[in-house]
Amino acid sequence: MNTKAKIKLRECLCGCGGRTKGGRFLPGHDAKLKKALVADARAGKKRAVNKLEKLGWSKFLHPRAELAP
Ligand SMILES: [Zn+2]
């Protein structure tokens, strides 16, 4: 008997077109996208800011470590 695999392959959210095994990103791709989005957001790109918020990464825009006196 055949049993249908219920594992949904999801597309990596970084836009590389790769398929993950259920996660949002392929290994390492989240860090790559995060870095690019933070750079874009700091350059004033509203779209990057929105995407960071959507992914729950807006905190990376305001790292407290950079608020040195
Ligand atoms: Zn990717």
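Mentor: Start with the helix pair: helix 1 and helix 2 cross in a left-handed way. Keep in mind that this is a predicted model.

Trainee: OK. At what angle do helix 1 and helix 2 pack?
Mentor: The angle is about 135°. Their axes lie 7 Å apart. Helix 1 covers residues 29-42, and helix 2 covers residues 46-54.

Trainee: So what do we call that arrangement of helix 1 and helix 2?
Mentor: Oblique. Angles over 145 degrees would count as roughly antiparallel, and 65 to 115 as roughly perpendicular. The angle here is about 135°, so the two helices are oblique to each other.

Trainee: Which residues of helix 1 and helix 2 meet?
Mentor: From helix 1, take Leu37, Val38, Asp40 and Ala41. They meet Ala48, Val49, Lys51 and Leu52 of helix 2. By class, that contact has six nonpolar residues, two charged ones and no polar ones.

Trainee: Switching topic. Where does Asn50 sit?
Mentor: Asn50 is in helix 2.

Trainee: Why is Asn50 classed as partly exposed?
Mentor: Count the neighbours. Asn50 has 13 other C-beta atoms within 10 Å. Exposed means 12 or fewer, and buried means 20 or more. Asn50 therefore counts as partly exposed.

Trainee: How many residues separate Asn50 from Leu37 in sequence?
Mentor: They are 13 residues apart in sequence. In space, Asn50 and Leu37 are 9.6 Å apart, C-alpha to C-alpha.

Trainee: And Phe60, where is that?
Mentor: Phe60 belongs to the segment after helix 2. Skip residues up to four places away in sequence, and Phe60 touches Lys34, Val38 and Leu52. Val38 and Leu52 also take part in the meeting of helix 1 with helix 2.

Trainee: What about the distance from Phe60 to Leu37?
Mentor: That is 9.7 Å, C-alpha to C-alpha. In sequence, Phe60 and Leu37 are 23 residues apart.

Trainee: Let's zoom out. What's the pattern along the protein?
Mentor: It reads β-β-α-α. That comes to two helices and two strands.

Trainee: What share of the residues count as buried?
Mentor: Of the 69 residues, 7% do.

Terms used: Residues are numbered from 1 along each chain as its sequence is written. This is a predicted model: local features need pLDDT of at least 70, side-chain atom pairs count only at pLDDT 80 or more; totals for chains, interfaces and linings use all residues. Axes are lines fitted to C-alpha atoms, for helices over the stretch in contact, and angles run from 0 to 180 degrees between N-to-C directions. Helices (H or I, at least four residues) and strands (E, at least two) are DSSP runs, numbered from the N terminus. Angles under 35 degrees count as roughly parallel, over 145 as roughly antiparallel, 65 to 115 as roughly perpendicular and the rest as oblique. A crossing is left-handed if the near helix is turned anticlockwise from the far one by less than a right angle, and right-handed if clockwise. Two residues are in contact if their C-beta atoms, placed from the backbone, lie within 7 Å. Ala, Val, Leu, Ile, Met, Phe, Trp, Tyr, Cys and Pro count as nonpolar, Asp, Glu, Lys and Arg as charged, and the others, Gly among them, as polar.
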